[in-house]
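Subject: Structure handover

Hello,

Here is the structure I promised you. Please open it, then read my notes below.

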Amino acid sequence: MDGAGEVALLDLVQQISSFSGGGNGGEEVPSFKKDCTDLVRRIALLTHLLEEIRDFKGDSQPSDASILSDWGSDLLLALQAAKRLLSVASSYSSNTNSDGAGKRIAFQFQCVTSKLEKTLGNIPYEQFDISEEVQEQVQLVRTQLKRAAKRYGCSNAKMISYAVSQPLDRKLDRLESSKMIEHSASNNHESPVKLDMVPKSNVPKSRGADQMVHIPESAKSLFTSSYASLSKDIDAANQENSSSTNPEEVKTQDVLVIPDDFLCPISLELMRDPVIVATGQTYERSYIQRWIDSGNATCPKTQQKLENLTLTPNYVLRSLITLWCTEHNIEQPTGFFNGKMKKSDGSFHDVSGDMQAIQTLVRKLSSRSVEVRIAAVAEIRSLSKRSTDNRILLAEAGVIPVLVSLLTSDDNVIQENAVTSVLNLSIFENNKGLIMLAGAIPSIVQVLRAGSMEAKENAAATLFSLSLADENKIIIGASGAIPALVELLQNGSTRGKKDAATALFNLCIYQGNKGRAVRAGIITALLKMLTNSRNCMVDEALTILSVLASNQEAKVAIVKASTIPVLIDLLRTGLPRNKENAAAILLSLCKKETDNLACISRLGAVIPLTELARSGTERAKRKATSLLEHLRKLQQP
């Protein structure tokens, strides 16, 4: 999280600290007055922590800090939930409100308390040189929160995570958001997939309940089991909250009510392609994209500035919506209507292609004839390569689950064409979710381990494409893909190594995957890439190392592999970009590591660092200057 992020957190803590639950102005005492007071007091104690983070002057973050600030995002989300909770709970009185509302507020106290306690445990104190006194203060807050969570009796982690991310007064939030929108309106692998090649499409998801109903068993165990249990948790909570409802009132409720969580806060319509913005709020993709395209850089619901404009698909919520639609026999809205595709501005784009012919082709994939299947999958590979329209129509025709089943084919030609087709289809943003829901990851990993070289290359490229969504990084990392990618990085073809490096870099952005990569032997592979004079992948190796170097396990492995002399040599002879990354890696290795600092001093790093601080890139100057300052402190008596 950058400096502005810490300031936003500090401002939010200060706002909460100044909160006074004055009740409703009458003689009634708010039922949750003590809970509000305790929560405000505990949050106020975080002020010193955030002030130290704000005032920290050194290079406190690794090069990928803007992506890795999960602790900051989680803390911001928890504090926002706490602020919403305080505004509602401070005016609640059991004399004037229903018992059901009281139960919901009590449950929210459980959720917020537990979420805050868990989030505070993830703060990287060492990156900001947080004083021991402040660390002890934060630990005190954690202890109090943990004790409070036990008192509340909070035990369901999945339900907590879900509930904390939801607004307390959803109807009010949606009305306010709608008013804001109204106010604003009135004033070819088949070439290797690269990050900048993947289109940021706003086309809504093309298939709904049918795709969810036919998920293979392998997919359920990997990806959707949590959805079912989460859905049960929500149903149980709803049943508990409605236990006091008058039976006569229940009989009169003939109209099916869409859960508030499934409605876009802007349009108030059932979401078909929910996406998460930088503040953690979820919106329908087309409406939030329209809001951003109109020049707005704030979150409509929270009015906070968006640190970035990335829209991350909310696959969990989308799956829950699909399950709910299926359960209630409701046709889920799609973005594909009679050959037209709805764009972010509300207009329609004609999708060209013969849908009937494509459906016929997809059916041939299930033919008993091997020759027919081979011809069909080859044609689908060709179609998926040509255009976005074809990718939309193929997904709409249900090709993805069938292709996934062909990934484990004994026929090498079928397997190669199937994995390449999945790769091509994944370039269209909305197809990524369908591929994940079809349980493709285990089969793609199997291809990566045992397929032909071409199949391995395209499997690695597919994992990169799918891992662009943050939640997929976790799933792919847990699937066993990383050891297979490291193996390809070591022994693959030139293109295979590049595809593996790209996928590994993207996966290692997620903190939990760094240890997996180290244990899979990635440091040895990267060092070989740095020292091989015929290797043209020095940039890739340094970029991955710069991501890994913030992880303690990786740091130890990098030093143990005698990488420091190689990095110092690159400071002298490398290209400007190489020097920049080498300096960044060395800085990460030497923070609070006097042995490493002494090592780079003995190896003569001062001279190239001094030159880099004078004439390097802007980032290289910062890293070199900071590292030189650490060296000067080391030499002081």
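Start with Asp-411. Asp-411 is partly exposed, because its relative accessible area is 24%. The scale works like this: buried is under 20% relative accessible area, exposed is over 50%, and partly exposed is in between (1.4 Å probe, protein chains only).

A word on the source. This is a predicted model, where local features need pLDDT of at least 70, side-chain atom pairs count only at pLDDT 80 or more, and totals for chains, interfaces and linings use all residues. Residues are numbered from 1 along each chain as its sequence is written, and side-chain values use heavy atoms, with hydrogens and water left out.

Back to Asp-411. It lies in the loop between helix 19 and helix 20. Helices here are DSSP runs of H or I with at least four residues, strands are runs of E with at least two, and numbering goes from the N terminus. Asp-411 touches Val-370 and Ile-374, leaving aside residues up to four places away in sequence. Contact means heavy atoms within 4.5 Å. Asp-411 and Val-370 are 41 residues apart in sequence, yet their C-alpha atoms are 8.8 Å apart in space.

Now the two helices on either side of that loop. Two packed helices are described by the angle between their axes and the distance between the axes. Helix 19 (residues 399-406) and helix 20 (residues 412-426) pack at about 140°, and their axes are 9 Å apart. Axes are lines fitted to C-alpha atoms over the stretch in contact, and angles run from 0 to 180 degrees between N-to-C directions.

Which residues meet? From helix 19 come Val-399, Ile-400, Leu-403 and Leu-406. From helix 20 come Ile-414, Gln-415, Ala-418, Ser-421, Val-422 and Leu-425. By class, this contact has eight nonpolar, two polar and no charged residues. Ala, Val, Leu, Ile, Met, Phe, Trp, Tyr, Cys and Pro count as nonpolar, Asp, Glu, Lys and Arg as charged, and the others, Gly among them, as polar.

Next, Asn-578 in helix 32 (residues 576-590). Asn-578 counts as buried because its relative accessibility is 6%. Its contacts beyond four places in sequence are Val-538, Asp-539 and Leu-542.

What about disulfides? A search of the whole structure finds zero. A disulfide is a pair of cysteine sulfur atoms within 2.5 Å. The closest cysteine sulfur to that of Cys-599 is in Cys-590, 8.0 Å away, so it is too far for a bond.

Finally, the whole chain. The protein chain has 35 helices and six strands. Buried residues make up 52% of its 637 residues.

Best wishes
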